[in-house]
Amino acid sequence: MTGSPARTLLLWCPDWPVLAAEIVDGVPATGPVAVLHANRVVACSERARAEGVRRGLRKREAQGRCPQLTVVDYDPGRDTRAFEPVVAAVEELVAGVEVVRPGACAVAARGPSRYLGGEEAAAERIIEHVAQSCLVESQVGIADGVFAAGLAARSGRVVAPGGTPGFLAGLPVEALGRSALADLLRRLGVRTLGDFAALPAGDVLARFGFDGALAHRLAAGRDHRPLAVRQPPADLTVTAEQDEPIDRVDVAAFVARALAEQLHERLAGHGLACTRLGIEAVTEHGQELHRVWRHDGLLTAAAIADRVRWQLDGWLSGSNGRTGARSARPTAGIIRLRLIPDGVIAQAGLQAGLWGETGEERERAHRALSRVQGILGPEAVVTAVLGGGRSPADQVRLVPWGDERLPARPGPAPLPGEPIARPGPAPLPGEPVASGGGRAVSAGRPADRGAGGVPPWPGRLPAPAPAVVLPSPLAATVHDAAGEAVVISARLAVSAPPARLVVGTGRPAEIVGWVGPWPVDERWWAPAEARRRARFQVCLADGTALLLAVEAGQWLVEAIYD
């Protein structure tokens, strides 16, 4: 953290989240547009600012100032994808680009200024090239360090070498981008970056902590780190052009093996291995075919060739085993075949087996299941993944074989200071539970975590999980000892202890133990999707334990405990 910062050129695209929404989703950025995150405006268009919309406003207040406002949800992935062509355009002129954030990228100014005719000429050349290549307006700032260059880009300014501290001194403390710190500094009488930089560094560290000390360095014109140069991704795709269209499987297999070996050699040259492979084919009539294969191990040259051959066999023969029929074959022979390593890892990044490489039995299983997927489609072979959810049916998701086994609904952790309440003891399968009665409790967060270490959901049933979850709940009726139907009030009061259960048209079964209710009130803010129900665990006289739910006055059997 010693020495003066390097001269930095920073390109900034104003209102980038709004512009990215126009590029990706087609939202017209020339109109009043606001991008919202957590119900607050994080970016807005020039037309929206003219109507009084500002960053930090709540959605309702922003719409009150501008009734014609178009609201777009904040999506950092969309911003990053839309900014990639801009970064690529900058890399066509200069090397060593760092992406500061979507909408801003920086590069050391020394190189471009030398071969583009000076710093101002380099800035003009880059702005013009980005405008012509990407149709995006941008501004460039040049100063000592990334922080100062970013502020200079707001006004398109080139700060003279050594003049960065003076340039920063007159700026307000809000320029640090730390609202809480800026508010505290203003209450202490420190209003500009120059005032803040004049404070002793030791006192700043003692009073404001490490983040305050870092902001103090930035205010003084001393960056805390050098530029992190972006390495452009290597082009690992391999393509085979065919003079004669391929319409036979044996010819396609020969081409596939040669192309697979070429891809494997290219990956090995970069120290990489493929885990997810994209296969693309173009026919003589311009028809495009695409399929992605996934594998949880390293795809060798032979494994890549097998998958390409299986896929070409499925395309050329028109097999579709899922429906028992044959799908339409391509309109003509294949003239272009392309392999895209969609997922790569370092070759040493996969843990080997306990006794060396992966066993032959496991590899055979992988090959067999992958072969089935090649014939019937990716979703023909699925595995179960546990995730978050309030009911047993919501906690299991089926994913295609080879896909990432990530839960669709990761459970939220309890908020700081939030009371953690266990909604009641769960019955052990086969044991009487709360014999003779139960208790109504408030829906809280179970104190224990669910299966697989998944954080608990509000209203989630405690362990143990039921052994069988019915695909369609069974209608049932529950009566008390006097034969009257048991009902649940809006305040979760049970009219009488459950005594008998009748499932469908079956015989009545005696309830010897029960516990509940566990209330769930979901999506109450959307009346068309709102759902309110309460669940019970009951144990019958024959030892069967069931999970019941009552919704809109109807009792249902959702699951069975083993």
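Predicted model: local features only at pLDDT ≥ 70, side-chain atom pairs only at ≥ 80, totals over all residues.

**The sheet and the helix packing**

Residues are numbered from 1 along each chain as its sequence is written, and side-chain values use heavy atoms, with hydrogens and water left out.

The strands in question, β1 (residues 7-12) and β6 (residues 104-108), pair in the antiparallel sense over five bridges. Pairing requires at least two bridges found by DSSP; helices (H or I, at least four residues) and strands (E, at least two) are DSSP runs, numbered from the N terminus.

The open sheet has four strands, ordered β5-β6-β1-β7, with antiparallel pairing. At its edges lie β5 (98-101) and β7 (139-144), each pairing on one side only.

Helix α6 (residues 119-134) packs on the sheet, touching β1 and β7, and its direction makes about 25° with that of β1. Contact means heavy atoms within 4.5 Å; axes are lines fitted to C-alpha atoms, for helices over the stretch in contact, and angles run from 0 to 180 degrees between N-to-C directions.

Turning to the helix pair, α1 (residues 16-25) and α4 (residues 76-91) pack at about 85°, their axes 9 Å apart. The two helices α1 and α4 are therefore roughly perpendicular, a label for angles of 65 to 115 degrees. Among the residues meeting there are Trp-16 and Ile-23 in α1, and Phe-83 and Val-86 in α4.

Definitions and conventions:
Parallel < 35°, antiparallel > 145°, perpendicular 65-115°, else oblique.
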